[in-house]
Amino acid sequence: MEKRDVVIIGGGPAGRTIVHMLHAAKSGMSITVVKDEEINVNRCAVPFGINAKKPIEKFQIPNKLVTDFGAELVIDRVVKIDTDKKQVHTEGGKTIGYTHLVLSTGSRPIIPPIPGVDAETITSVRSIKDLSVLQKLSSKGKSAVVVGGGYIGIEVAVVLRQMGMDVSVVEMLPKILMATMESEFINHVENILNKSGIRLLTNEKVIEFEHKSDRKVMVKLENGDTIPADLVILSAGVLPNTELAAQADIKTSRLGIWVDEYMRTSADNVYSCGDCAEKYSFTAGQPTRGEFGTNAVFMAKIVAENILGNNSKFAGVLNANATSVYDWSLGSAGLTKQMAKDAGIDVVTGSSEVLDKYPMMDHVDLIRTKLFFNRENQKLIGGCVMRKGNSTAQHVDFMSFSIQMGATMDDLLSYQYCTHPELAAKPSDNSYTFATRDAMNKL
Ligand SMILES: Cc1cc2nc3c(=O)[nH]c(=O)nc-3n(C[C@H](O)[C@H](O)[C@H](O)COP(=O)(O)OP(=O)(O)OC[C@H]3O[C@@H](n4cnc5c(N)ncnc54)[C@H](O)[C@@H]3O)c2cc1C
């Protein structure tokens with residue numbers, strides 16, 4: 001039987017980051033990555049590959065991102081972990097011993113138990129195979145139904161609409177994007193989508209997929225309507241892959257594999273990180289969702305540090321996120337107002353609408369910002385932003401870092417920023433300062 005210093009199950013961003021960190025530290029450790037996807041795709045980019053404007057290979061993650069960094073790669077599925085003998089067993093019959101084991105098994109799309117869901121014209125949006133199915137069906141089809149109006153569903157809907165398809169989004173919640181966005185921002189997004197011809201059916205449920213001989217799917221809704229579709233996309237959320245851990249008696253919850261702040265699971269020398277691991281909110285200090293590529297990388301870095309013996313603690317996730325809708329972009333970091341309320345935090349909200357350039361410049365538009373502060377200590381605990389163009393991600397990063405550094409209202413009223421007629425608001429009109437002033441006035 002082979003024995004390795006480190007065995008990593010899963011070759012997504014979490015698994016790969018550990019390989020890169022151990023390589024950069026010149027650890028000299030023997031590392032094996034076992035992954036069951038022969039070719040990984042850059043998942044975040046899948047919606048933007050559907051129009052096939054670029055070759056599908058551009059969306060693949062080369063396996064040399066593992067093998068060029070000193071790790072052995074085994075394409076196989078781990079089917080059992082023996083934490084007493086410190087061994088993993090694969091479907092292909094391999095047994096590999098470990099000193100340190102990492103569970104970075106990711107998550108999988110939720111397939112709602114709707115009659116008729118398992119047809120060829122219905123796909124999720126996650127793997128290279130999904131991307132290829134999406135490319136094929138969208139190139140021939142005229143109509144698509146997206147089930148689930150989170151950011152992935154909306155990104156897919158926009159791309160399909162831009163390809164000329166007739167697109168409907170069915171969302172069972174009262175609004176789209178509710179997991180990450182505030183309702184005023186969602187209203188703007190809904191207007192943009194409606195104007196572009198995307199049909200938004202919120203507060204609505206699919207109850208059946210009926211398949212016709214011409215390969216059309218009749219998508220039946222709870223309200224009695226039926227929408228004919230050549231392609232159905234399931235984007236109704238993900239489930240953490242915890243089964244392997246649970247079978248080995250490693251503690252799990254509905255939110256993932258339980259980990260402490262060192263990313264240690266309940267079994268000796270077994271770590272977990274990424275989509276499969278339970279996350280803690282940096283701000284609320286409670287278990288939370290957070291299936292983001294960034295979180296996978298942050299957690300994986302802590303795992304690598306601890307394998308190297310550096311006693312590194314993870315402070316919790318801020319769930320910084322951003323998405324684009326046509327020529328707009330929006331994002332958030334930290335808690336939404338509802339999350340803060342659920343966590344028992346007394347929230348003070350501040351909003352601003354500030355021009356994104358000097359008023360005399362061409363194509364001036366608004367930056368909309370909303371900030372949430374903890375009334376008790378006046379610290380920033382969350383925020384969201386929406387603006388024209390694609391620079392929202394930098395705003396989100398600023399808010400995320402401010403929360404992480406414990407910035408207070410006073411800090412945000414006195415921070416020093418730049419200005420430029422084409423690139424920023426007038427010196428007097430900073431979006432964060434204005435939103436903070438609004439919150440302070442409500443104290
Ligand atoms: C369409 C889409 C768009 C997204 N966009 C963004 C974005 O813009 N920004 C962002 O931050 N995040 C985004 N995400 C989320 C991000 O992709 C995930 O959070 C990230 O991939 C998680 O990384 P991971 O390594 O934990 O898991 P994964 O990437 O899922 O990798 C886990 C791997 O483990 C393998 N595996 C599982 N079980 C076994 C086993 N038993 N044996 C062997 N191998 C196994 C899986 O097959 C998989 O290859 C997006 C996700 C999707 C689907």
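The model is predicted.

Start with charge. Side chains of opposite charge can pair when their charged atoms come close. How many salt bridges does a search of the whole structure find? The search finds 22. A few of them are worth a visit.

Look at Lys 94 and Glu 2. Their side chains meet in a salt bridge, at 2.8 Å from N to O. This pair links distant parts of the chain, for the two residues are 92 residues apart. Glu 2 belongs to strand β1, which covers residues 2-9. Lys 94 sits in the loop between β7 (87-90) and β8 (95-103).

The side chains of Glu 210 and Lys 220 meet in a salt bridge, with 2.9 Å from N to O. Glu 210 lies in strand β14 (residues 206-211), and Lys 220 lies in strand β15 (residues 217-221). The pair therefore ties together parts that are ten residues apart in sequence. Glu 210 is partly exposed, at 26% relative accessible area. Lys 220 is partly exposed as well, at 25%.

Move on to Asp 438 and Lys 442. Their side chains also form a salt bridge, at 3.4 Å from N to O. Asp 438 has 24% relative accessibility and counts as partly exposed. Lys 442 has 43% and also counts as partly exposed.

Next, leave charge behind and look at the surface. Met 172, Leu 173 and Met 178 form a nonpolar patch there. Together they have about 290 Å² of accessible area. Take Met 178 as an example. It lies in the loop between β12 (166-170) and α5 (183-195).

Now turn to empty space. Rolling a probe the size of a water molecule over the atoms shows where empty space is left. The second largest pocket has a volume of about 400 Å³. What lines this pocket? The lining has 21 residues. Those nearest the centre of the pocket are His 395, Tyr 415, Cys 418, Ala 424 and Asn 430. Two helices, α9 (392-404) and α11 (431-441), each supply at least two residues of the lining. Helix α9 gives the most, with three residues.

Leu 131 lies in helix α3, which spans residues 128-140. Is Leu 131 buried or exposed? Its relative accessible area is 0%, so Leu 131 is buried. Compare its position with that of Ala 393. Leu 131 and Ala 393 are 262 residues apart in sequence. In space, they are 25 Å apart, from C-alpha to C-alpha.

Key. Residues are numbered from 1 along each chain as its sequence is written. This is a predicted model: local features need pLDDT of at least 70, side-chain atom pairs count only at pLDDT 80 or more; totals for chains, interfaces and linings use all residues. Side-chain values use heavy atoms; hydrogens and water are left out. Patches are made of residues with over 30% relative accessible area and no salt bridge: like charges are joined within 9 Å, nonpolar side chains (Val, Leu, Ile, Met, Phe, Trp, Tyr) within 5 Å. Accessible areas come from the Shrake-Rupley method with a 1.4 Å probe; for residues, only the protein chains shown count as cover. A salt bridge is a side-chain nitrogen of Lys or Arg within 4 Å of a carboxyl oxygen of Asp or Glu. Helices (H or I, at least four residues) and strands (E, at least two) are DSSP runs, numbered from the N terminus. Buried means under 20% relative accessible area, exposed over 50%, partly exposed in between (1.4 Å probe, protein chains only). On a 1 Å grid over the protein atoms alone, a cavity is a set of points where a 1.4 Å probe fits but cannot get out, and a pocket is an open set with protein on both sides within 12 Å along at least five of seven lines; lining residues have an atom within 4 Å of a point. Grid points are joined across faces, edges and corners, and a volume is the space filled by probe spheres set on the points.
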